[in-house]
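Please have the sequence and the structure open while reading.

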Amino acid sequence: MRRFTTEELVASRPDRGQMDACRLPVTVVLDNIRSGQNVGLIFRTLDCAGAEQLILAGITPYPTLNEHCAHQIGKTAVGGSLETIPWKYEPSVISAIENLKARGYQIVVAEQCDSSVYYTKPTYKFPVAIILGHEREGVSDAVLKLADLVIELPVRGITNSLNVAQTTA
């Protein structure tokens, strides 16, 4: 058994056309995420997964907002993922979700609430939009009202949640 070298892995990267041809029908919407480094990690995760797009909403930092945001996002969005994952900024998460819903997306919110189910239980209907909320406050009640499904990841330790970038992965 032989591990691939970094050079071999880089040489085997797909080109943009190959990536676009096999994107998953999954859009991730970030609702008021405050950390640029979390946003960068999510860019990287979605690139690896081959997601369709990333929508950054509300106070969520985005790469072209300012130099500080670009630096914070760029620290963790390595390997060119800022250029490979399609993204856009939407001031209103509600408008972004309503637009996706009108286009036939199943709206799946990742949140801990009385009606959430473990993420492995439901049958997902594609295309799907996964909404992730603020690191401390989660998603708003208005976002929950737009959900077709609310999912959560099991947390068995003493902390009550995972980091938003970990949850995305």
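## Charges

How far apart are the mean positions of the positive and negative charges of the protein? The mean positions of the 16 positive and 18 negative charges are 5 Å apart, where Lys and Arg count as positive, Asp and Glu count as negative, and His and the chain ends are not counted; each charge is placed at NZ of Lys, CZ of Arg, CG of Asp or CD of Glu.

## Basis of the model

This is a predicted model, in which local features need pLDDT of at least 70 and side-chain atom pairs count only at pLDDT 80 or more, while totals for chains, interfaces and linings use all residues. Residues are numbered from 1 along each chain as its sequence is written, and side-chain values use heavy atoms, with hydrogens and water left out.

## Overall form

Buried residues (under 20% relative accessible area, 1.4 Å probe, protein chains only) make up 38% of the 169 residues.

## Nonpolar interior

A nonpolar core is a set of buried Ala, Val, Leu, Ile, Met, Phe, Trp, Tyr and Cys residues joined through side-chain atoms within 4.5 Å. The largest has 23 residues, of which Leu30, Phe43 and Leu54 touch the most other members. A second, separate core of 16 residues includes Val93, Ala96, Ile131 and Val143.

Leaving aside neighbours within four places in sequence, Phe43 is in contact (heavy atoms within 4.5 Å) with residues including Leu54, Pro63, Ile73 and Trp87.

Note on methods. Buried < 20%, exposed > 50% of the residue type's maximum accessible area, 1.4 Å probe, protein only.
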